[in-house]
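Have a look at the structure first, then read on.

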Amino acid sequence: MSDGSPPALPRLTLPLSRDEARALRLGDTVILDGEVTITAGFPTHQRMAEALDRGQPLPFPKAGSAFFHMGSSCRAEGDRWVTNYVNPTTSTRFDDYMPGIIRRLGLTATGGKGGMGRACVEALREVGGVYFSMPGGASPLLSIGAVERLETAWDDLIEQFRLSRFRLDGFGPVTVAIDAHGNSMYDTLQEQASARTPRILEELEQARRDSAARRATPPST
Amino acid sequence: MPITYDVVRQVARDLYGWSLKKVPDDTLEALAEARRRETNPTSQRTLDFMQAAARAAEREDRHACSDAGFPTYFVKIGTRLTLDGDIRRAFVDGFADLVETIQPPILKFITHPLTLERSYTGKDMPIVSFDVADGADYMDITCSPKALGSGRWADLKVFSYPKLADIEGYVMECVMEAGSQHCPPVVIGVGIGGSFDNAAKLAKMSTLRRIGTRHDDPMVADMEERLLAAVNKTGFGPMGTGGDTTALAVHVDYSHGHGFVPVAVCFNCWINRRTAARIHDDGKGGRLE
């Protein structure tokens, strides 16, 4: 800290162990390494849920691993798939499917942007998993840590909808926004905003009165 | 000299491409100002990261967001202009050119609303609205791609003889509904009055106004100021993980109408994608932002 630069963020390797996931606290900001499965696809989630309901295995994510709501574009370089860009997508649109996916796969880490609903928070608490919030719209920097795509599955889907397994190296920063103990930053913030609303509306009313009075008074010469 | 199909096609292509790779200057300034005010350490880090990412997008010619959305254009045609060729078609073809040439490539985002199938083309794509500018000898084109992240939180409600408190209360309801999810800090557009469709368009056009400008009507300017203060007291913060800045601006506009008053509210995410160009009747012109 002596040089004025912020302290280096802690690094974690995916998949997290259940103990690592449970040790994380709301608001912890970390950098990620390791492997993660990503998709931005609504039909992908439907297909995952249907397969799991029928007891069929998924190509990935594996049990106990990490699964993020992210879109991606890659290009071939030799025999590797190098990342053009990745970016998180809105997680709540998968709320119908995620509780089942989290439970059946025992995911230790999920992620995306904007949070997930209460049933997902409960599922994460049961299995011991967390949700990482990633910055949306910051693709040029976020993509640096999503080094390469290792493989895809369900290639009949469009690129960003396929199940895509990525290797991460220095991915982030990401923030723990739902922990493994039933706490959600989104719920807390929503409750806080609701609690503040009566006061906010009163202050708006006062500001309206002030504005009307100001406009009723001719400017002094 | 007329403005030709070829010129409009090229501008349509360029505007969309630019909009994906640059966060507008007024928005960068507003983010920097938000960072100076922000007291929450996580949000300070988020705002730093956003600004650095925006600079990297422009410097390295990369997409600010992986979701390129779908193209929307607003075209204002000067009444002293003549046009040569199929101008509506120029937007369709300009977007097709972009899809073919842009690097890195954009993904399929244009979605059939009934089947949810995705493509690079579609019915009524790009969405283009035309207006005229009396007496002008130029054409202004604004491009504002829209994606689900902030697009899905737009809302409209029709009131009958509302009080100001009803309208402002509704804006706050929309803000609460979106909560953490629209990639804040956002620019909020509020359109009031006229017809149903007019209010929606006013709201959208209001998001395109430069941050830091005030409405000409002091009554509306005051409303913008107090709504911005109110939104930022909610505490959702940058990326919705808590903080002092949930909105960079609230822009309001109105039209006279009847006793029924439609109120539309829409949001632009923090990258606030927006570019504009002006083409003069000699075919020359350039990027406005």
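How many Å separate the centres of domain 1 of chain B and domain 2 of chain B, taken over C-alpha atoms? The answer is 25 Å. Before going further, note that this is a predicted model, where local features need pLDDT of at least 70 and side-chain atom pairs count only at pLDDT 80 or more, while totals for chains, interfaces and linings use all residues. Residues are numbered from 1 along each chain as its sequence is written, and chains are lettered from A and ligands numbered from 1 in the order in which they are written.

**Domains of chain B**
- Domain 1 of chain B covers 3–22 + 64–147 + 273–287, and domain 2 covers 148–268; such bounds come from an automatic or database domain assignment.
- Where the two touch, domain 1 of chain B puts in 6 residues and domain 2 of chain B puts in 4 (a contact means C-beta atoms, placed from the backbone, within 7 Å).

**Chain A overall**
- Chain A has 6 helices and 8 strands (DSSP runs numbered from the N terminus: H or I of at least four residues for helices, E of at least two for strands).
- Along the sequence, those elements of chain A run β-α-β-α-β-β-α-β-α-β-α-β-β-α.
- The C-alpha trace of chain A spans about 75 × 45 × 40 Å along its principal axes.
- Of its 221 residues, 45% count as buried (20 or more other C-beta atoms within 10 Å of the residue's own, with C-beta atoms placed from the backbone).
- Take the contacts in chain A between residues at least 6 apart in sequence: 64% of them join residues at least 24 apart.

**A helix pair across chains**
- Helix α6 (residues 185–216) of chain A packs with helix α8 (residues 218–232) of chain B at an angle of about 155°, their axes 10 Å apart (axes are lines fitted to C-alpha atoms, for helices over the stretch in contact, and angles run from 0 to 180 degrees between N-to-C directions).
- That's why α6(A) and α8(B) are roughly antiparallel (angles over 145 degrees).
- On the α6(A) side, the residues that meet α8(B) include A:I200, A:E203 and A:L204, and among their partners are B:P218, B:M219 and B:D222.

**A helix pair within chain A**
- Helix α2 (residues 42–53) and helix α3 (residues 98–105) of chain A cross at roughly 50°, with axes coming within 10 Å.
- A:M48, A:A49 and A:L52 of α2(A) make the contact with A:G100, A:I101 and A:R104 of α3(A).

Key:
Angles under 35 degrees count as roughly parallel, over 145 as roughly antiparallel, 65 to 115 as roughly perpendicular and the rest as oblique. A residue is buried if 20 or more other C-beta atoms lie within 10 Å of its own, exposed if 12 or fewer, and partly exposed in between; C-beta atoms are placed from the backbone.
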